[in-house]
2 protein chains.
Amino acid sequence: MDSPTVVNALSALAQEHRLDLFRLLVQAGEQGMSAGAIADALGVPNSSLSFHLAQLTKAGLIRQERQSRSLIYSADYAAMNDLVGYLMENCCGGAGCSTSASEAEPVEERKRA
Amino acid sequence: MDSPTVVNALSALAQEHRLDLFRLLVQAGEQGMSAGAIADALGVPNSSLSFHLAQLTKAGLIRQERQSRSLIYSADYAAMNDLVGYLMENCCGGAGCSTSASEAEPVEERKRA
DNA sequence: CGGACATTTCGATTTTACTGGAAATATCGT
DNA sequence: ACGATATTTCCAGTAAAATCGAAATGTCCG
């Protein structure tokens, strides 16, 4: 992963609505969520949401797939993996960064909101 | 680490100059680098650099310390650790994200440019 | 104190991001 | 083909970020 790509990914996540959105999709898992369901969950107007979905898609962090009338979005775990990998390799002083990430709050167990 | 803090940290890193700058400070280690040395290394005008240093400082990712005439900046590894921890916990699907971060390019061994 | 050095703050400009209503596109069922 | 549904694109308006020269601040030394 080269640094312009990293900057794009970071920019995509560096926004309240989009970070929420991405987390939601991570929790939704492989099955993903429709744009409408996401809009309901986040309370963001359709056109704004569409803008944010496009940003995340352009950054390669989420994927889009049509399922009849709905567009289903899902998190791209591999891309996120690459991003975190880059940060750990290049921005953590090599040695012991994030060997213990367990003091953070655990992911809320929410299945299909 | 709560999500507004995460957004601030991500915003701080989501900029080419600042990502370069932060990487430079990570490589510089505990001893840090003066603003002037950083400006030389990155080729950014003083006033622009100062702006970016302020952004990273405000986000808590770097620290400032005066050493006679120079201001020495150094990376805050703990803050970065928290950020990566948050991303792994909340944005990586819990399970196997970034268990192998070794395929990324290794940090270039550059000591005190 | 005065001058050189290191860095920041100010101010003006340009660029880029975010927002949300209204119109357009795509898909489905009848 | 038509009407309903799901979502995006368009468009303007507002807000925030990035840039950099010039002036101000802080620090040292003689």
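Chain A contains five helices and three strands, where helices (H or I, at least four residues) and strands (E, at least two) are DSSP runs numbered from the N terminus. The structure is a predicted model, in which local features need pLDDT of at least 70 and side-chain atom pairs count only at pLDDT 80 or more, whereas totals for chains, interfaces and linings use all residues. Residues are numbered from 1 along each chain as its sequence is written, and chains are lettered from A and ligands numbered from 1 in the order in which they are written.

Along the sequence, the elements of chain A follow the order α-α-β-α-α-β-β-α. Of the 113 residues in chain A, 35% are buried; a residue is called buried if 20 or more other C-beta atoms lie within 10 Å of its own, exposed if 12 or fewer do, and partly exposed in between, with C-beta atoms placed from the backbone. Among the contacts in chain A with a separation of 6 or more, 56% join residues 24 or more positions apart, a contact being two residues whose C-beta atoms, placed from the backbone, lie within 7 Å.

Strand 2 (residues 62-67) and strand 3 (residues 70-75) of chain A pair in the antiparallel sense over six bridges, pairing being assigned if DSSP finds at least two bridges between two strands. Within this pair, I62(A) stands opposite A75(A) of strand 3. The two strands form a hairpin with two residues between them, and S68(A) in the turn has a positive phi of about 55°. Most residues other than glycine have a negative phi. S68(A) is not a glycine, and it is exposed, with 6 other C-beta atoms within 10 Å. In chain B, S68(B) likewise has a positive phi of about 55° without being a glycine; S68(B) lies in the loop between strand 2 (62-67) and strand 3 (70-75) of chain B and counts as exposed, with 6 C-beta neighbours inside 10 Å.

DNA strand C is surrounded by 22 residues, of which the closest are S47(A), S68(A), S34(B), G36(B) and S47(B); a residue is taken as near a molecule or strand if its C-beta atom, placed from the backbone, lies within 6 Å of it. Two or more residues of this surface are given by each of helix 4 (46-58) of chain A and helix 3 (35-42), helix 4 (46-58) and strand 3 of chain B. The largest share, five residues, comes from helix 4 of chain B. By residue class, the surface near DNA strand C comprises seven nonpolar, 12 polar and three charged residues, where Ala, Val, Leu, Ile, Met, Phe, Trp, Tyr, Cys and Pro count as nonpolar, Asp, Glu, Lys and Arg as charged, and the others, Gly among them, as polar.
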